[in-house]
Amino acid sequence: MSGTVELSREQARRIAVGAQLLSLPRPDDVVEVVAHLGALQLDPTKAVAPSAHLVLWSRIGGDYERADLDDAITDGRLVEIGGMARAVEQVPLHRAVMAAWPGPGPHRPWHDEVLGWLHDNAACRRDVLEALRQEGPLSAPDLPDSIVRPWRSSGWTDDKSVLKLLDMLAARGEVVVVGREGPHRLWDLAERVFPDEPVPSLEEAVAELGRRRLRALGLARARAAVAPGEPHDVGDVGVPARVEGVRGTWRVDPAQVAALDAWAPRTALLSPLDRLVFDRARMAALFDFDCQLEMYKPAATRRFGYWALPVLHGDRLVGKVDCTTEPTEGVLRVDAIHEDDPWTREVRDAVHAEVDALAQWLGVETLLMPGVRR
């Protein structure tokens, strides 16, 4: 495929949806899904179910068992890097990036700040690594706190200097999260967890990560604003594309263009942290859809709900479902269903079928609150 690919908005949406494994047929293997997606955010919020489990349920369906993800992380088929579950085969690529921490090229002021802080707390770093070597895995409260210069921030990380140190050591490839003990992450030496395989050059690693990211997104910008966790951009991989009615040039995965003839739609409820919707600029450009995580907003100012689930129907994002799992009551409480535009009976039936399927997977009953119609 050569030259710039011309895409309609519909084709662009279908490429994005198909690349995210949200069309038919459904995948059925947890590790393969995570390997394809490239990154699975391990957010602990449990309003409906932890986001990672919800993302996998959206792809695999009712046959997905939550223990499958936990087992894959425990036995090392998946590893946690940067708060994301990733396939172990990708570790050498990320190790190349870690080796350049806090960033290649000329350092910015914040680079010098974190390097200076780490230098001042070098003794604590040595104490932490030695404790892990002798006794690991350990949680942060069980690690030595010999910090001499506490980390200061706007408030999120005050009095959490050891955690900040651990995050930096993880970013540079010295330690890694290997599990959870209650609310705490368990840490161990990366050398015990990461495979002992050759590490490519930084340039090769960045290019390959870009190719894998484009495979997972289908369609993406070459350059995008810096995002926490997993970047939104893909560099110059794939081929250039123009989308009807959308400004600028995109990069598209040729394999996803070729798969358009096999497009088979379905309906899905998504985590608000789902990769299809997490890049709000891309979501607005391709889907003309507005959705944001409102859990940090005061209840009175929320438009859609604390943890509202975006609704995908075919190649369109059509609304949100505001629901909460109440385990003690044995229900999935549906407080509101927001239709961006009035739904047909076909769409409404498909969405309610997904809500009931979600409740069944969670092992509870659907409870529609007053005002929510079938």
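Which residue in β14 is the bridge partner of V321? The partner is I337.

## Basis of the model

This is a predicted model, in which local features need pLDDT of at least 70, side-chain atom pairs count only at pLDDT 80 or more, and totals for chains, interfaces and linings use all residues. Residues are numbered from 1 along each chain as its sequence is written, and side-chain values use heavy atoms, with hydrogens and water left out.

## The sheet

Five strands form an open sheet in the order β11-β12-β13-β14-β15, with mixed pairing. The edges are taken by β11 (267-269) and β15 (365-368); each has a single partner strand, so one side of each lacks a neighbour in the sheet. From one strand to the next, the twist averages 30°.

Within this sheet, β13 (residues 316-326) and β14 (residues 331-339) run antiparallel and are joined by 8 bridges. Strands (E, at least two residues) and helices (H or I, at least four) are DSSP runs, numbered from the N terminus, and two strands pair if DSSP finds at least two bridges between them.

## The nonpolar cores

A nonpolar core is a set of buried (under 20% relative accessible area, 1.4 Å probe, protein chains only) Ala, Val, Leu, Ile, Met, Phe, Trp, Tyr and Cys residues joined through side-chain atoms within 4.5 Å. The largest has 46 residues, of which L69, L332 and L358 touch the most other members. Elements giving two or more residues to this core include α4 (66-74), β13, β14 and α14 (345-362). The most come from α14, with 7 residues.

Leaving aside neighbours within four places in sequence, L69 is in contact (heavy atoms within 4.5 Å) with residues including V30, L56 and L78. A second, separate core of 29 residues includes A12, V17, V277 and L312.

Terms used: Axes are lines fitted to C-alpha atoms, for helices over the stretch in contact, and angles run from 0 to 180 degrees between N-to-C directions. Buried means under 20% relative accessible area, exposed over 50%, partly exposed in between (1.4 Å probe, protein chains only).
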